[in-house]
Amino acid sequence: MSDQHLPEPVPENPATTPSSDGIDRRNFLSCMAWAGTGLIWSMVGGVPTSKLFAATPSSHAAAQSSFSFVQISDSHIGFNKPANQDVTGTLKLAIDKINALSVRPELLLHTGDITHSAKPAEFDTAQQLIKSAKAGETFYVPGEHDFASDDGAQYKARFGKGTLGTGWYSFNHRGVHFIGLNNCLQIDALGKLGPDQLAWLKQDLAGLSASTPIVVFAHIPLWMVYPEWGWATQDGAEALSYLKRFGSVTVLNGHIHQVVQKVEGNVAFHTATSTAFPQPAPGKAPSAGPMMVPAGKLRSVLGITEVQYIAKHSHLAIVDASLAENA
């Protein structure tokens, strides 16, 4: 696939008309940045690449309860094919970029496929590199590659301690409720949550006020990005139905190695780029998989996501930064 071009932008979602919050959704999506619930990709005290989307706390109290966090995804440590023969090096570049942020992120979320083959040495390498990130606490969810060789035993021993079932859990941080899901147990290539996890999710949300900002993070997209390639979750619609009553919901995923976003009602969806290799845009190749890009272009299609939460604002700001950009 070495003759392929860089992934083409995904068509904008029809639901991009200006809303009552004054945000032009179409302009947001075309700039690959959107507002959702309280996030700013890469967690800085603003949106670095576009001041237009940065929010400023209106009071000292708001500033005290505002924070930022970073998402990285699909590091695939152990992958060594032509699309990227130094995935350890590009993960280190991502960590360096996090460490160069002007405001230290309070959380780091890794949305799966930490390793390529779930081998102990791969987990060792990833764990050591991610440990060097200058961020607060780090949280993980698994990808299908992390369950590849041992049904997730290595993943659960290292990153899943204290989680439920196959690795789902929730926590609160500064008034925001975070939910980590495992939807990488694939059925006919589509992701799946399963009845036990869905029952837990419904119960986890039941006691929360509808005004609570919610951030859901999982590996495979919960919505139907491109079912033909397995870029969807079979029972994702049921999970999303539990979130309808909340005023501010952000859903973060990886798996497809490119930015795809959608705002639908109260829910903002965002899939992140990989730190390892790109994949083709939906339908632009015979199948999904590692994609070769022209020499010197690899870093431009890899990256991190920065999210900023501003208290008393109903939307998050999210910005993706490629590894080719200056920190």
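# Briefing on a predicted protein chain

Helix 3 passes helix 4 in a right-handed crossing, where right-handed means that the near helix is turned clockwise from the far one by less than a right angle, and left-handed means anticlockwise. The model is predicted: local features need pLDDT of at least 70, side-chain atom pairs count only at pLDDT 80 or more, and totals for chains, interfaces and linings use all residues. Residues are numbered from 1 along each chain as its sequence is written, and side-chain values use heavy atoms, with hydrogens and water left out.

**Overall composition**

- The protein chain has seven helices and 12 strands; these are DSSP runs, with helices (H or I) of at least four residues and strands (E) of at least two, numbered from the N terminus.
- Of its 327 residues, 56% count as buried, a term for a relative accessible area under 20%, with exposed meaning over 50% and partly exposed in between (1.4 Å probe, protein chains only).
- Among contacts (heavy atoms within 4.5 Å) in the protein chain with a separation of 6 or more, 74% join residues 24 or more positions apart.

**Packing of helices 3 and 4**

- Helix 3 (residues 87–99) and helix 4 (residues 120–131) pack at an angle of about 20°, and their axes are 9 Å apart; axes are lines fitted to C-alpha atoms, for helices over the stretch in contact, and angles run from 0 to 180 degrees between N-to-C directions.
- The two helices, helix 3 and helix 4, are therefore roughly parallel to each other, the class for angles under 35 degrees, while those over 145 are roughly antiparallel, 65 to 115 roughly perpendicular and the rest oblique.
- T88, L91, K92 and I95 of helix 3 make the contact with T125, L129 and I130 of helix 4.

**Nonpolar cores**

- The largest nonpolar core has 29 residues, of which I179, L181, L205, I214, V216, L243 and V251 touch the most other members; such a core is a set of buried Ala, Val, Leu, Ile, Met, Phe, Trp, Tyr and Cys residues joined through side-chain atoms within 4.5 Å.
- At least two residues of this core are supplied by each of helix 6 (195–206), strand 7 (214–217), helix 7 (236–241), strand 8 (249–253) and strand 10 (267–271).
- Helix 6 gives the largest share of this core, four residues.
- Another core, of 27 residues, lies apart from it and includes A83, A118, I130 and A133.

**The loop between strand 3 and helix 4**

- A118 lies in the loop between strand 3 (107–110) and helix 4, and its relative accessible area of 1% makes it buried.
- Phi of A118 is near 60°, a positive value in a residue other than glycine.
- K119 is found in the loop between strand 3 and helix 4, but K119 counts as partly exposed at 48% relative accessibility.
- The C-alpha atoms of K119 and H145, 26 residues apart along the chain, are separated by 9.9 Å.

- T233 belongs to the loop between strand 7 and helix 7, where T233 counts as buried at 0% relative accessibility.
- The T233 side chain makes a polar contact (a pair of N or O atoms within 3.5 Å; within protein, one must be able to donate a hydrogen and the other to accept it, and residues adjacent in sequence count only if both atoms are side-chain atoms) with the side chain of N183 at 2.9 Å.
- The side chain of T233 also reaches the backbone oxygen of P221 at 2.7 Å.
- H255 is placed in the loop between strand 8 and strand 9 (260–264), and H255 is buried, with a relative accessible area of 7%.
- Phi of H255 is near 80°, a positive value in a residue other than glycine.
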